[in-house]
Amino acid sequence: MAKLIQENDLNNSAVDDTQSPPLASKNASLLSDAGKRLEKALKHIDISEDAIARLRYPKATLSVHIPVRMDDGSLKVFAGYRVRYDDTRGPGKGGVRYHPGVNLDEVQSLAFWMTFKCALLDLPFGGAKGGITVNPKELSKSELERLSRGYVDAIAGFIGPNIDILAPDVYTNSTIMGWMMDQYSIINRQLVRGVVTGKPLTLGGSQGRNEATATGAFYVIEAILPKFDIKPEQTTVAVQGFGNAGAIIAELLFKAGYKVVAVSDSQGGIYAPQGLDIPSIRHHKAQSRRIKAVYCDDSVCSIVEHQNISNAELLALDVDILVPAALENQITAANASDIKAKFIFEVANGPIDSAADEILLAKGIKIFPDILVNAGGVTVSYFEWVQNRNGWYWELEEINQRLKTKMETEVEKTWAIAQKLEVDMRTAAYIHGLNRLGEALDAKGTRDYFKQ
Ligand code: NAD
């Protein structure tokens, strides 16, 4: 059932551009919007035309349909995707998303961002991403397992520890990563740990991977705020999305003394100007699956004074720091003028579209981009892949120390580019990533080699 569009095949008339729009496309799509950031960065960088031409298109796109036997005996077929955007700097690397809104355009955009993120962090990986169009909350655990194994069956020829490596993303977790690694190993008749990262510890996962995206984002925030002479105890924070990334960054900030005044999930949010007790809210959510403004003493939780707010209201709160940690396109031209935060740290991928970027920058809001802020996840995934290859496992302190060094190094380099070229941090991050990508692409030969 697999439909394979291979190796820069976009000139082939069999490829439907409306379904798979290249960056240059005039169609309004997430991918063409992502391309606008690339175009902005290209104005500041001397990179070969060949490299630019290659980066305009995803290298390989696989579209599959996965038949799953449901618990009641019926058969359901789910659409799935895997996209390898560029693998010049190493095997593709990227998460797998389970969400009803997953489509090819979204997966291609996420793979595009992964390409720049891995280059920005100087990881020996290209960019990839996968997804299944499904509401996982409607499936039983065994249906979810059959779907996850079926997805790996469908894409097994397209992935591998030296080709393309999977990881968790929205509504996927370590259990699902374990099933995927196991299925790939069954197909290949050998244990292949390095094909998936974010696995359970007992199956070759890494210490610190579950918290890595938030921990990396925390190191970025802590590296940036002193540049503006801002102290945690004077700083209010609102976090949109209370999943793996959002709940953990909220807790890290809370524990470091920041006043987290609002959090939300897909059901809506809570706001308390005096600050929320994040560990209590996480504890309550783990038991009830709902966010509630509570203070817990062991397992006894009582409601604290708060307001219920919508996600739109959370984004518009008058706070120092806004952390979007849910999905893409949350801030667009339609609501950008409502945003009052002074700083936005993008923990989600693509939460601000390119039109909103310009409005926010004109208002003087400092935006720290996804490809830098949430890169802690892929960085510890890289550590997990290295540990799997060596069979030598590191302690948590070593993981976090290496992560901190990596994040701080690239924050400082990106900051220096932004200062030198007088550009915003997103453009600086793309310039930084592009420099590394251009160098790698050109090392394979440019048109200059063929002159005379
Ligand atoms: P998750 O599934 O653990 O959590 C997602 C959260 O977002 C949930 O709390 C959900 O209720 C909430 N949510 C969904 N729709 C929402 C909406 N419309 N408004 C507000 N909240 C909504 O996912 P995650 O892994 O935390 O990923 C969140 C974001 O971080 C995504 O953009 C993802 O691509 C990005 N990210 C994740 C990782 C990782 O390692 N998990 C790494 C890098 C980037």
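Colleague: At roughly what angle do the axes of helix α6 and helix α12 cross?

Modeller: Keep in mind that this is a predicted model. The axes of α6, which covers residues 212-224, and α12, which covers residues 376-390, cross at roughly 120° and come within 6 Å.

Colleague: Why do you give both an angle and a distance?

Modeller: Two packed helices are described by the angle between their axes together with the distance between those axes.

Colleague: What about α13 and α14, how do their axes cross?

Modeller: The axes of α13 and α14, the latter being residues 425-443, come within 8 Å and cross at roughly 110°, so α13 and α14 count as roughly perpendicular to each other. This crossing, in which α13 passes α14, is right-handed.

Colleague: And which residues make that contact?

Modeller: From α13 the contact includes Glu410, Lys413, Trp415 and Leu421, and from α14 it includes Met425, His432 and Arg436. By class, the contact of α13 with α14 has nine nonpolar, two polar and three charged residues.

Colleague: Now α1 and α3, what is the angle between those?

Modeller: Helix α1 packs against helix α3, residues 104-120, at an angle of about 25°, and their axes are 8 Å apart. That angle makes α1 roughly parallel to α3. Among the residues in contact are Leu30, Ala34 and Leu38 of α1, together with Asp105, Phe112 and Trp113 of α3, and the classes in this contact are seven nonpolar, three polar and two charged.

Colleague: Let's change topic. How many cavities of 30 Å³ or more are there?

Modeller: The structure holds two of them, and the second largest cavity contains about 40 Å³ of space.

Colleague: Which residues line that second largest cavity?

Modeller: Its lining includes Leu30, Ala34 and Trp113, which I also named for the contact of α1 with α3, and Asp33, Arg37, Asn329 and Asp353 are among the other lining residues. Helix α1, residues 30-42, gives the largest share of this lining, with four residues, and the lining as a whole divides into four nonpolar, two polar and three charged residues.

Colleague: And the second largest pocket, what is its volume?

Modeller: The volume of the second largest pocket is about 190 Å³. This pocket is lined by 13 residues, and those nearest its centre are Leu361, Lys366, Val423, Asp424 and Met425. Two elements, β15 (366-368) and α13 (396-421), each give two or more residues to this lining.

Colleague: How does the lining of that pocket divide by class?

Modeller: It divides into nine nonpolar, two polar and two charged residues.

Methods: Residues numbered from 1 in each chain as written. Predicted model: local features only at pLDDT ≥ 70, side-chain atom pairs only at ≥ 80, totals over all residues. Heavy atoms only, no water. 1 Å grid on protein atoms, 1.4 Å probe; cavity = no way out; pocket = protein on both sides within 12 Å on 5 of 7 lines; lining within 4 Å. Points joined across faces, edges and corners; volume = space filled by probe spheres on them. Nonpolar A, V, L, I, M, F, W, Y, C, P; charged D, E, K, R; others polar. Axes fitted to C-alpha atoms, helices over the stretch in contact; angles between N-to-C directions. Parallel < 35°, antiparallel > 145°, perpendicular 65-115°, else oblique. Left-handed = near helix turned anticlockwise from the far one by under 90°. Contact = heavy atoms within 4.5 Å.
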